[in-house]
Amino acid sequence: MVDAARGTGTKRAAEFLIDREGVWHHRGSPIKRESMVRLFAGMLCQNESGYFLRTPDQMVRVEVQDAPFLVTDCEFIRVDDQPELWMTTNLGERYPVGEEYPLVLRTDVTRNETRVYLLIRNGLTALVHRNVFYRLVDVAQTDPHSGKQGIRSRSGFYPLH
């Protein structure tokens, strides 16, 4: 058995899995009740040993194939004459892209591709789904300082490549 908090002991397969499409599984079966997924997502945390569901009594390991959440929609609004990008996850959580919730790039060396992620609560990430990424590319601007294509939101610039 694994002491999840310390990462010691004999390892066994994670009881929970979040696949590349953001689908949660328990012991090999997809969790179909959105209310259950929301409950588990609220307990999700990450440390140097990986992802876990934290309860007052225990920590249960969660295998995450890419990111625990997906950005499935986005919306631009104007606030004080500045563009503000809001992103919505597959669980309906909304985050304004900015200093607190920035877009970051990560390279997947196994796939030889760079992907865009949104940093959300408690250091967790949400992969920007391909269709949302293409919508962002359609409205991207060139940053005069770096020459990179990206998105302006609040007072920041977030490259897309």
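## Largest pocket

Strand 13 contributes the most to the lining of the largest pocket, at 4 residues. Strands here are DSSP runs of E of at least two residues, helices are runs of H or I of at least four, and both are numbered from the N terminus. The model is predicted: local features need pLDDT of at least 70, side-chain atom pairs count only at pLDDT 80 or more, and totals for chains, interfaces and linings use all residues. Residues are numbered from 1 along each chain, and side-chain values use heavy atoms, without hydrogens or water.

The pocket holds about 300 Å³ of space. Its lining has 13 residues, and Arg115, Leu127, Val128, His129 and Arg130 are the closest to the centre. Two or more lining residues come from each of strand 13 (113-119), strand 14 (125-128) and helix 2 (130-139). A pocket is an open set of points on a 1 Å grid where a 1.4 Å probe fits, with protein on both sides within 12 Å along at least five of seven lines; lining residues have an atom within 4 Å of a point.

## Fold and burial

The protein chain has 2 helices and 17 strands. Its C-alpha trace spans about 55 × 35 × 25 Å along the principal axes.

Of its 161 residues, 40% are buried, meaning under 20% relative accessible area with a 1.4 Å probe, protein chains only.

## Charge

The protein chain carries 21 positive and 21 negative charges, with mean positions 5 Å apart. Lys and Arg count as positive, Asp and Glu as negative; His and the chain ends are not counted. Each charge is placed at NZ of Lys, CZ of Arg, CG of Asp or CD of Glu.

Conventions: Buried < 20%, exposed > 50% of the residue type's maximum accessible area, 1.4 Å probe, protein only. Points joined across faces, edges and corners; volume = space filled by probe spheres on them.
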